[in-house]
Structure formats: structure tokens, C-alpha cells
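Subject: Structure handover

Hello,

I am passing this structure on to you. Please open it and keep it beside this email as you read.

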Amino acid sequence: MSLQASATASGQRSIAGLTAGRIAALRAMNPWRLSILLALLVTVISLLQDRPQAFQTSELYFLDGDDTMRLQQVRGLLNGEGWFNPVIRSIGDGAGLASHWSRLVDAPIALLILLGRLFMSQAAAEHVALLAWPKLVLVMFLSVLFRELLRERGLQAVGAFSIIIALSSMGFMQFQLLRIDHHNVQIACALLSLVLATSPYGSPKKAMIAGAIGGLGLVIGYEALPIIGIAAGMLALAALWDRARHDIAVCFAGGLALAVSTAFVATVRPQEWLPVPCDTLGLNVVLAASTGSLGLLVAGFVRNNVKAYATALAVTALVAAGMLLRLEPVCAGGPFARFDPAMGELWLRHVREARSLWDIGREMPELCLAIAITILIGCGLQLWAFRRDASPEQLMRLVICLVLTVLGFRYLKMISYAQLFTYACAALAITTLPRLGPSVSPAITKAFAILLMSTTFQTLLTPLVIPESARKEADNKPNLCYLERNFAGLKELPSARILAQQDMGGFLALLSQHHVMAGNYHRLDAEIMRTAAIFRAPVEGAQQMLDDWKIDLVVHCAGRDFYRGVKDPGSLADLLYRETPPAYLTPIPLVEGSQVRAFRVNRN
């Protein structure tokens, strides 16, 4: 062997030894410390995929009006508004919007702002809090998730999950900078609850923690209610075949009941426990969770009698479902059960998060197809894991993957749930994959599986199956209408009542500091319908309607369709879209180059 070859081989051995030593050192670390360290590392990497402009300026810029509404609710709490029943007074007719969002998300954000005010101005403290909160949620979520992945399959599982998510789209979408509404907390709570509840290393203590985390997520929002309910039911059914699992089912239900009951008492006044709301934590959910927990506890007395135990479980499920629906049967129609049915066509079908992946796929076919393929591959890998180890836990994970896939394909807001859970299951399954052939090592098999789970890789393949005529570029351009600087001119005007496109409502209410009549929120159904009627009315009729509602200013975003392309010829919306406003609207000059158009209403 030549001297050069010998040196090269020696160097390679040294690097391999150093790498092995570092990996050994990581494995020797305290599991929680290692999980937190890895979570911090992945969170830092996620910043590379985030919005750099959030750091480059103190200007507030939100992708979603929900974040603006959350900030207004937090400001109200800091300004002395009551803890119970928050009201956002800057939007809606009358007293404002009676918010259904939990104060449990407001509180930590408000605390971050208060801490920041010790060292900086109010505006700077707000901005820092808006940057920090979603990433703090992400670190907490990943720390617990990585701890479970480490326990089940070690560093390989954590590494596989981290690579998959780093090469994927939308996985961490709800954890972006300035994303403070509630989705990230709900997702984190639901997925941690599901992962812990289906752990092969389950215990009553872990099950109670899983139930409590899931309950906390339901307190904040009902999106994961079907999945948490399925998990509780499957834990109970698992106990039917293995009575040793009964305590796990009881503790999960107990943790769930304890969380929702405690939060209910802490956030709802006793005199407001009835009537039951459909869109936020109500007495029906508290009673259903408590009944289920108590029923499972009682069923434990007959656990050695299969028929009696099965009967007890069935009665418990029926009584819990009855509690959920009997107090307010209309809530069987979902969180929007009480709003005007006409809102479905006018508003809900245009809300992006309520649209299906198929529907969004018409706008972004390559990205949506890639997301769908990776989720389905993840389900396939979980099926492999179940066939390899046909345990109740693997079956539960398979069922949850499939249900989340159906929900994710139907509602865009559930895509992050489906992605993150199937990615976690896929990462665990990938560590058990065998070699593809005698000449292919297991490491190559695993690397190939990770690659297939990446939407980045799939977007390179999807053009092969999508016709050239159907290909479109994903529109990732920021909506310049929602930049804070565009509303500077409005801030200088005396307090006014503003009529605007409904999706601008939250942004205008926060950034212009005026009172906006409508926004994209189902509790503003009367205001949304009245706003639509004005914009769709002929210009003469619209003037009278503006006077009747005492509107001072009309604001819209140039070049953007009203109500997804509905512009009745000769209507107010039609004239504004064509930049030919009627004579009774006087233009108000704003920032040069702004897409926002503002007009003063000349009253009759």
C-alpha cells in the first residue's frame, strides 16, 4: 500500500471513530436532555424555511387574519379586559365580536409580552413574543415527541423524522414565525396525545398524561375531537382482549376528563354553563368525558367477565355520546351548526382551511399531489409495521393514520395533523425495514424510504404524471395588502366605521385601529351577509345601504376579486374591482405603491 493510500485509510478510520464516538456520547446523554437538544436543533433548521422578513423589520406581517385576531385578544387581556368571555371590540356590529377562542393561548403570549416590556418597548416586546411563541410551542412539541421516538427506536427514528420533515412542505406550516392563533398548540397537543397513547411502552401514568394533553388540545379547539375520541375508544377495545390494558384505558379517559373539567371551570363562569356552545368548550364535552371516565372505571369491576365487560363498554360509549349530544342536539351539525345556512355558499366554501386537498390541488397540483403521495406512503409504512408486529398499539396507529388521511384530504386544516403523525409512524417503521436485496444494505433501504417520504423529492416526480397543461407554480408571494405600512394613512384618520372585503377584516381591525364591520369569522354571519349584500348591490342601492349602516370608509385590495370572482355587473364590487368608484366615494391617498384602496363615504 502506498504512503498516500495508507494516510487516506488512516484518516477515514479516524473520522469514522470520531463520528462513532460522538454518536456514542449522544446515546449516553440523559434522554430528556438529548430530546430537548435535538428539538432545538430541528427548530433552528426550521427557521431556514421560515419567513426571513419577520426578522428584518419590526413591521407586523401576518399570513392569516386569525393571528391578527389573537393579538387583539391578547392586547385586550393586557389592557384589563376580563378573563372570561373575551370580546374583540374593533370588529363586528354592536359591542363587537364575542370570541370563542380560549384564554389558555392568550395567557402565555401575554406573559411573554410582559416579560419583554421589562427590557424593551411595548411594540418591540410584542414583536419578540410573536416571533418566539410558535417556536417555543415547536420546541416543546418536538422534545416530547423525540423522547418517545428515542425510547421506541433510538436516534435512527429521530433522525429519520427530522430529515423527512426538513424535506417536506407544510409540515411545520402552523409553527411559522408570527403564527400565534391556536392551530399549532392544538396540533401539538393532539399528536403528542396520540403518540403517547399508542406507545408500545404504555403505562397508566403515561396514559393519564396522554389523556390530559389531548384534553388540553380540545379545550383550545375541537378539531381533533374525532381522533381523540377514536383513540379513547380503541384503548377501551384493546382492554377487551387484554384486561391488563384496562388501567391504561381508564387513565387516558381520566386524564382527558380532568383536563377538560379543570379548564372548563377555570375559563367559563357558572352562570354561562348553559346554553351549550357548539364551537367552543361546553358542558356537553365535560359531561361526556367525565361519564366515559367513570364508566370505564366501573367496568373494571367486571373485567374478568368478557360479556359483562363488553356490555359495560358499550353502555359507557352510548351514555357518553348521549351526554355529548343530548344537552344540545343541534351541535351534531358541527361547530358551525348555529350559523345561517346561507353562509355555507357565501363564506365557508371559500375559507381555505375548510377546502379539500383536491380543491386546492387545482391551484397547486404538483405540491398537493406530492403531499398526498407522502401521506399515503406513510400509511403504507405503518401497515408494514403492523404486519411485522400485530400489536394493539400498531393497529391503533394504523387506524389513526388512515382516519387522519381521510380528514386531511377532506379539510386542508387537517393536513398538518396527517403529515406529522404519519411521518412519526413512518420514521419508526423505517428503522425496521430490511435490505431490498443481497447487494443492498439496510442503510440504503432506509435512505430510499426517507427520500420517498419527502415532498421535495415527490415534487420532482409528480411532473411525470401531471400533464404539462395542468402544471402550475405554487403561489408563495406575500399578499402585499396585509403589510402594516399600507395602513399608515388610515391610522391618521379620526375613528371610523369601515366596510371591507371580509378577509381583510382582521388585518384592518388590528393595523388601521378603526372599527371594521365584518371579518372571516362564523360568529359574524349577520355582518358578513350584510357586507356581501352591499358590495353586490347596484351602486345606487349600495349608497343607501352604506348610509343605513353608518359606514364612514370603504376599503378594498386592488386587483383582488370580491367573494372569489363574484362581481355582478354594475354592482359596487364590480366598479371597485375595475378601479372606477362611484361618485359618492372620495379616494383617500395612502402610502405610495400600496395595493390598498380607501374611500370616504359621502352621505346623502
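Below are the notes on what was found in it.

This is a predicted model, so local features need pLDDT of at least 70, side-chain atom pairs count only at pLDDT 80 or more, and totals for chains, interfaces and linings use all residues. Residues are numbered from 1 along each chain as its sequence is written, and side-chain values use heavy atoms, with hydrogens and water left out.

**Overall**

The chain has 604 residues, and 52% of them count as buried. Buried means under 20% relative accessible area, exposed means over 50%, and partly exposed lies in between (1.4 Å probe, protein chains only). The chain holds 25 helices and seven strands. These are DSSP runs, numbered from the N terminus: H or I of at least four residues for helices, E of at least two for strands.

The accessible surface comes to about 27100 Å². Carbon and sulfur atoms own 64% of that surface. Areas come from the Shrake-Rupley method with a 1.4 Å probe; for residues, only the protein chains shown count as cover.

Contact means heavy atoms within 4.5 Å. Of the contacts with a separation of 6 or more, 72% are between residues 24 or more positions apart.

**Cores**

A nonpolar core is a set of buried Ala, Val, Leu, Ile, Met, Phe, Trp, Tyr and Cys residues joined through side-chain atoms within 4.5 Å. The largest one has 147 residues. Which members touch the most others? They are F141, L142, L145, F146 and F161. Leaving out residues up to four places away in sequence, F161 touches L142, L145, F146, L149, L420, Y423, A424 and A427. Another core, of 19 residues, lies apart from it; A537, V554, L585 and F599 are among its members.

**Cavities**

There are two cavities of 30 Å³ or more. The search runs on a 1 Å grid over the protein atoms alone: a cavity is a set of points where a 1.4 Å probe fits but cannot get out, and lining residues have an atom within 4 Å of a point. Points are joined across faces, edges and corners, and a volume is the space filled by probe spheres set on them.

The largest cavity holds about 60 Å³. Its lining is M69, I88, L97, S99, H100, W101, Y521, H522 and R523. Five of these are nonpolar, three polar and one charged. Here Ala, Val, Leu, Ile, Met, Phe, Trp, Tyr, Cys and Pro count as nonpolar, Asp, Glu, Lys and Arg as charged, and the others, Gly among them, as polar.

The second largest cavity has a volume of about 50 Å³. It is lined by Q186, A190, G214, G217, L218, G221, E223, A224, I228 and Y417. Two elements give two or more residues to this lining: α8 (183–197) and α9 (204–220). The most come from α9, with three residues. This lining has five nonpolar residues, four polar and one charged.

**Backbone points**

Look at the bond between L274 and P275. It is a cis peptide bond, with omega of about 0°. P275 sits in the loop between α11 (246–267) and α12 (283–299).

Which residues have a positive phi without being glycine? K550 is one, at about 55°. K550 is in the loop between α24 (539–548) and β5 (553–557). It is exposed, at 52% relative accessibility. E579 also has a positive phi, of about 60°, and is not a glycine. E579 is in the loop between α25 (572–577) and β6 (585–588). It is partly exposed, at 41%.

C331 lies in the loop between α13 (306–326) and α14 (343–346). It counts as buried, at 14% relative accessibility. Beyond its neighbours within four places in sequence, C331 contacts V276, P277, C278 and A337. N284 is 47 residues from C331 along the chain, and their C-alpha atoms are 9.7 Å apart.

E152 belongs to helix α6 (residues 122–153). It is buried, at 12%. Not counting residues up to four places away, E152 touches S199, P200, Y201, R397 and L428.

G65 is in helix α4 (residues 65–78). It is buried too, at 11%. G65 and N520 are 455 residues apart in sequence, yet 7.8 Å apart from C-alpha to C-alpha. Leaving aside neighbours within four places, G65 is in contact with F507 and Y521. Y521 also lines the largest cavity.

Best wishes

Notes. On a 1 Å grid over the protein atoms alone, a cavity is a set of points where a 1.4 Å probe fits but cannot get out, and a pocket is an open set with protein on both sides within 12 Å along at least five of seven lines; lining residues have an atom within 4 Å of a point.
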